Amino acid sequence: MELTGRVALVTGAARGIGRATALALATAGADVAVGDVLPAVEETAAAVRAAGRRAAAAVFDVADPAAVGAGVARVREALGPVDVLVNNAGIVNNIAPVARMTPEAWQRELAVNLSGAFNLIREVVGGMAERGRGRIVNVSSIAAWGGLHRQAAYAASKAGLLGLTKTVALEHARHGVTCNAVLPGLIATELVEAMPAEIRAAAVAATPARRLGLTEEVARLIAFLASDAAAFINGAEIPVDGGLSLNMSPLASVREARETRRPA
Ligand SMILES: NC(=O)c1ccc[n+]([C@@H]2O[C@H](COP(=O)([O-])OP(=O)(O)OC[C@H]3O[C@@H](n4cnc5c(N)ncnc54)[C@H](O)[C@@H]3O)[C@@H](O)[C@H]2O)c1
């Protein structure tokens, strides 16, 4: 992975997958701007600098188009035009059956997880196309494929990201810009640590790899998609899930349970 001389912008980079991605991009040679609603994002910028790269931190809400415009302008001023955009900021703020989900909670989750990516893409994709080069990676979820009990807004927002990803890929492939989606399974971050332990344990049991993923395992895929080596990969949906999405069919789990019960 070689990203020397590239400028990357990662949203939701104060912690978790976003922070690991900022560091993976810096390790590959990129200068990295990090955005988040949390001022702690400054600490990620400091870690990028410690890795020997230029960094900039911007505190903004991806759901607010004006704040995104101002944030991207600050990044451009500090580091130059954005070559690599990683739309990672995401929330789960709304766990309820669809009939009890409030319109406000639904709107907020869509605004951050889906419109947030749109807000960022529209700020940078024109410049990428003019320069004939760009990489956009959207962090979706395997919930986009399988749906998720009591998380209709989350699953819908992550499925919506796939439509956005493919359309941007179609519109800008001829300009040297790619847009791909990564779909994490269960990754060990604060988002997942906040889940009830029994649900987390059930998710690990349903994951063929029998463990949570590491943030670095998602970050490495994103860094690859950001590199020249991935120039011909466009509009793709790539799971990083230890095989969890293979197990979404009940038949697969039943068969696996039978295999596990058999003596070796
Ligand atoms: N952890 C998992 O198992 C998992 C699985 C599938 C998908 N994902 C997706 O990966 C991404 C990162 O998840 P994570 O587990 O690292 O989560 P996390 O909660 O640890 O980190 C998310 C970051 O996004 C920031 N953020 C939230 N709302 C924002 C907003 N409106 N504007 C700017 N920043 C905002 C948060 O402050 C936080 O720093 C999310 O999009 C999430 O949906 C995670």
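Student: What should I know before we start?
Tutor: This is a predicted model, where local features need pLDDT of at least 70, side-chain atom pairs count only at pLDDT 80 or more, and totals for chains, interfaces and linings use all residues. Residues are numbered from 1 along each chain as its sequence is written. Helices (H or I, at least four residues) and strands (E, at least two) are DSSP runs, numbered from the N terminus.

Student: Why are helix 1 and helix 2 called roughly parallel?
Tutor: Let's look at the angle. The axes of helix 1 (residues 16-27) and helix 2 (residues 41-50) cross at roughly 20° and come within 9 Å. Axes are lines fitted to C-alpha atoms, for helices over the stretch in contact, and angles run from 0 to 180 degrees between N-to-C directions. Angles under 35 degrees count as roughly parallel, over 145 as roughly antiparallel, 65 to 115 as roughly perpendicular and the rest as oblique. Helix 1 and helix 2 are therefore roughly parallel.

Student: Which residues make the contact of helix 1 and helix 2?
Tutor: Helix 1 brings Arg19, Ala22, Leu23 and Ala26, while helix 2 brings Thr44, Ala47 and Val48. Two residues are in contact if their C-beta atoms, placed from the backbone, lie within 7 Å. By class, these are five nonpolar, one polar and one charged. Here Ala, Val, Leu, Ile, Met, Phe, Trp, Tyr, Cys and Pro count as nonpolar, Asp, Glu, Lys and Arg as charged, and the others, Gly among them, as polar.

Student: What makes helix 4 and helix 6 roughly parallel?
Tutor: Helix 4 (residues 103-131) and helix 6 (residues 152-172) pack at an angle of about 15°, with axes 9 Å apart. That angle therefore makes helix 4 and helix 6 roughly parallel. Their contact has 14 nonpolar, four polar and two charged residues.

Student: Why is Gly160 called partly exposed?
Tutor: We count C-beta atoms, placed from the backbone: a residue is buried if 20 or more others lie within 10 Å of its own, exposed if 12 or fewer, and partly exposed in between. Gly160, which sits in helix 6, has 18 such atoms within 10 Å, so it is partly exposed.

Student: Why does Ala46 count as exposed?
Tutor: Ala46 lies in helix 2. There are 12 other C-beta atoms within 10 Å of Ala46, so the residue is exposed.

Student: What makes the phi of Arg150 worth a look?
Tutor: Phi of Arg150 is positive, about 65°, although Arg150 is not a glycine. Arg150 is in the loop between helix 5 (143-146) and helix 6. With 14 C-beta neighbours inside 10 Å, Arg150 counts as partly exposed.

Student: Why is Arg210 called exposed?
Tutor: Arg210, in the loop between helix 8 (197-206) and helix 9, has 10 other C-beta atoms within 10 Å, so Arg210 is exposed. Its phi is also positive, near 60°.

Student: Which residues come nearest to the ligand?
Tutor: Of the 27 residues around the ligand, these are Gly12, Gly16, Gly90, Thr189 and Leu191. A residue is near a molecule or strand if its C-beta atom, placed from the backbone, lies within 6 Å of it. The shell divides into 15 nonpolar, eight polar and four charged residues. Helix 1 and helix 7 (190-193) each supply at least two residues of the shell.
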